[in-house]
Amino acid sequence: MRYFPTFVFSLIAATFSTNAAAQECSPEFPQASQTVTVAGVEIGAGEYASENFVVRVRNDATGQCTARLRISRLSTADILSDTDFQLRSGGSLVTILPNESAPISSSDELFVPGIAGGANGRAVPFILTVPSEWDVESGVRTEQLLLTLIGTDNEIADTMILIINVSVPPAVELRVVGVTGSNEIAGINLGTLESQKINYSDPFGVRVWSNSPYSITFQSENLGALAHETASDTIPYQLRMNSRLVDVSGAQSTNFSERTGPLGDVHPLQVTVEPFTARAGNYSDRVLVTVSAT
């Protein structure tokens, strides 16, 4: 019986010591959710967009505090269908688990040391990187990540929802292929036209990159005719794209209902000159080709 008070006293002391240690570190997020928006995205080969942001973690107690941060996709949230992204912190790639129940290892968690108390706590820096090449479809996408704080007792201390909004603007790019010249001005030489037969240009075309549906418009300076360099004579011609006659007055566009792939779409072009009557000389026309996102 004389050992019973000693046993009771030891049990009380141990319980008091454990509670005191627990109260030294109680990591939590100051807010239940946070939104990060990636805007000003530039579309093109090899392009990407990035956004710097911080996630704050604070200690709801008074002592030294550390924690581990785990990031996973929310299985109930929408997924960025064709937009991948990466998270980095302190120069290291952060693992994003496929869902909140996925198995993990220690390398899948981010160690957060020196968590201070107070309203602001500690800022954990992140860089969000989003590839923005031509295979990224235009539009606004939202994804939700679950951020989980693991305390020193290996128990979940707190959770927060990170909402990622990515705004991808419509973008198009045009390049004329199989022609002479470069950049925005190119030339097609029809050679010497024969007035008694149908004349065909060599094959050429336009390559279009677009991350949304698009349209192509052709606007002829001479309304579909080759004009003599000094006289008033003209020679009508026809322009075909993908073997179909197109309007060269600029009044009608040819529409394409789908975006292109990362390599773009090539649309073959050909100029046809029917038999004609005109004086000898040099003839030319200028056609403005415009591609627009729709």
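The structure is a predicted model, in which local features need pLDDT of at least 70, side-chain atom pairs count only at pLDDT 80 or more, and totals for chains, interfaces and linings use all residues. Residues are numbered from 1 along each chain as its sequence is written, and side-chain values use heavy atoms, leaving out hydrogens and water.

Two rings of Phe, Tyr or Trp (its six-membered ring) pair if their centres lie within 6.5 Å, and count as stacked under 30 degrees between planes, edge-to-face over 60 and tilted otherwise. By this rule there are two aromatic pairs. The ring centres of F53 and F126 are 5.4 Å apart and their planes lie at 15 degrees, so this pair is stacked. F53 belongs to strand β3 and F126 to strand β8, 73 residues apart; strands are DSSP E runs of at least two residues, numbered from the N terminus.

Then move to Y214 and F256, a stacked pair with 4.9 Å from centre to centre and 20 degrees between the planes. Y214 lies in strand β16 (residues 214-220) and F256 in strand β21 (residues 254-256), 42 residues apart. Both Y214 and F256 are buried.

Finally, return to F126 and display its surroundings. Leaving aside neighbours within four places in sequence, its contacts (heavy atoms within 4.5 Å) include E51, N52, V55, L69 and I71.

Terms used: Helix = DSSP H or I, 4+ residues; strand = E, 2+ residues; numbered from the N terminus. Buried < 20%, exposed > 50% of the residue type's maximum accessible area, 1.4 Å probe, protein only.
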